[in-house]
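Please look at the sequence and the coordinates together before reading on. The text below goes through the model one region at a time.

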Amino acid sequence: MCLFLFVCYYVGLILLISHSSYILYSQGSYSVTLNGENIITSDDSNFLVKDYSFTAKQQIKTIYIVRHAEKGIDCSSGTCIEGLSSKGNERANKLAISMKDNGIVNEITHVFATHKQRTYLTVLPVAELANVEVQRYPSVSAGSDNDDVEKLEEEASICPTIQAIKSTPLGSTIVMSTHRSAIYGILSNGYDDDEEDGCTGNGLDTSNSDNFPKDDEGKLDSGYSDLWKITIDANGKPSFEERLILDFDLD
């Protein structure tokens with residue numbers, strides 16, 4: 001009996017390490033923790049049998065990042081501010097449908113936008129399908145003055161967005177809309193730490209011009225169709241997964 005329990009204990013640990021389902025029998029006092037959750041406990045008077053499955057996905061964050069759709073004037077709030085054009089709204093809706101058709105919507109845990117209305121409106125249809133609230137960086141409260149918000153520079157979103165990405169737990173799937181002047185700063189090195197309000201970016205290598213097209217100023221040099229998929233592992237190491245060109249047929 002003791003030999004059986006000893007063997008099962010170590011078989012369970014091996015299966016745990018291999019990220020497979022396991023059933024663990026053991027005696028004695030112990031605990032096993034996964035991602036901060038105490039999933040296994042036992043004491044001298046109890047045995048625990050638990051089937052716990054998890055995958056490598058729980059060990060990474062996944063980010064889908066897009067530039068906002070085509071700009072236009074939005075007067076829906078009663079005050080006319082820069083939002084999306086009719087083509088931009090159509091693109092935002094088709095982005096949501098595309099993510100739904102490709103099974104991404106069901107995985108979404110967070111939706112990010114900047115303080116600008118055009119980024120918010122770009123991911124709002126995605127957020128509605130995923131039943132997730134759009135979080136804006138820098139934050140925009142319900143009573144914010146739209147004129148003051150719109151005057152804030154696009155680059156002001158870089159550090160707050162980087163901090164938001166770093167604070168999300170492993171296993172998260174983030175959809176994010178930002179600006180051509182902010183995308184590479186968020187993905188790569190952010191602002192220099194020596195600068196006022198500086199921040200360290202996510203550290204992705206964006207030097208490949210095929211994957212990350214740039215103009216002479218280092219900003220995104222393409223249209224509105226790019227969708228990047230990036231992952232960040234438990235050690236904070238980012239990986240480029242793919243760059244998709246969303247060639248939607250727009251009116």
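How many bridges join strand β6 (residues 110-114) to β8, and do they run parallel or antiparallel? The two strands run parallel, and 3 bridges join them. One of the pairings sets His110 against Ile174 of β8 as its bridge partner.

Strands of a sheet pair through backbone hydrogen bonds, in either a parallel or an antiparallel arrangement.

β8 is mostly covered, with 6 of its 6 residues buried. In a regular strand the side chains alternate between the two faces of the sheet. In β8, Thr173, Val175 and Ser177 point one way, while Ile174, Met176 and Thr178 point the other way. The residues on both sides are buried.

The pairings described so far belong to an open sheet of 6 strands, in the order β7-β6-β8-β3-β11-β12 and with mixed pairing. Its edge strands are β7 and β12 (238-245), each of which pairs on one side only. Neighbouring strands of the sheet are turned against each other by 25° on average, with direction ignored. An antiparallel pairing is found between strand β11 (residues 226-233) and β12, over 7 bridges. Within this pair, Leu227 has Leu244 of β12 as its bridge partner.

Helix α5 (residues 158-167) packs on the sheet, where it touches β3, β6, β7, β8 and β11. The direction of α5 makes about 150° with that of β3.

Another helix to follow is α2 (residues 86-101). It has 16 residues and reaches 23 Å from its first C-alpha to its last, close to the 22 Å expected at 1.5 Å a residue. Which residues of α2 are buried? They are Gly88, Glu90, Arg91, Ala92, Leu95, Ala96, Ser98 and Met99. An α-helix has 3.6 residues a turn, so residues three or four places apart point the same way. The cover over the buried residues of α2 includes strands β3, β5 (81-84), β8 and β11, together with helix α3 (117-130). After α2 comes Gly103, with a positive phi near 75°.

A positive phi also occurs at Asn131, near 60°, and this residue is not a glycine. Asn131 is found in the loop between α3 and β7. Is Asn131 buried or exposed? Its relative accessibility is 73%, so Asn131 counts as exposed.

Arg136 is buried, because its relative accessible area of 14% is under the 20% cut-off. The side chain of Arg136 reaches the backbone oxygen of His115 at 2.7 Å. Leaving aside neighbours within four places in sequence, Arg136 is in contact with Ala113, Thr114, His115, Lys116, Gln117 and Tyr120. In the loop between β7 and α4 (146-151) lies Pro138. A cis peptide bond joins Tyr137 to Pro138, with omega about -5°.

For the chain as a whole, the secondary structure comes to 6 helices and 12 strands. Buried residues make up 44% of its 251 residues. Among contacts between residues at least 6 apart in sequence, 58% join residues at least 24 apart.

The chain averages a pLDDT of 81, and 72% of the residues score at least 70. Where pLDDT is low, the predicted coordinates should not be read in detail.

Key:
Residues are numbered from 1 along each chain as its sequence is written. This is a predicted model: local features need pLDDT of at least 70, side-chain atom pairs count only at pLDDT 80 or more; totals for chains, interfaces and linings use all residues. Side-chain values use heavy atoms; hydrogens and water are left out. pLDDT is the predictor's confidence in each residue, from 0 to 100. Buried means under 20% relative accessible area, exposed over 50%, partly exposed in between (1.4 Å probe, protein chains only). A polar contact is a pair of N or O atoms within 3.5 Å; within protein, one must be able to donate a hydrogen and the other to accept it, and residues adjacent in sequence count only if both atoms are side-chain atoms. Contact means heavy atoms within 4.5 Å. Helices (H or I, at least four residues) and strands (E, at least two) are DSSP runs, numbered from the N terminus. Two strands pair if DSSP finds at least two bridges between them. Axes are lines fitted to C-alpha atoms, for helices over the stretch in contact, and angles run from 0 to 180 degrees between N-to-C directions. The expected span of a helix is 1.5 Å times one less than its number of residues.
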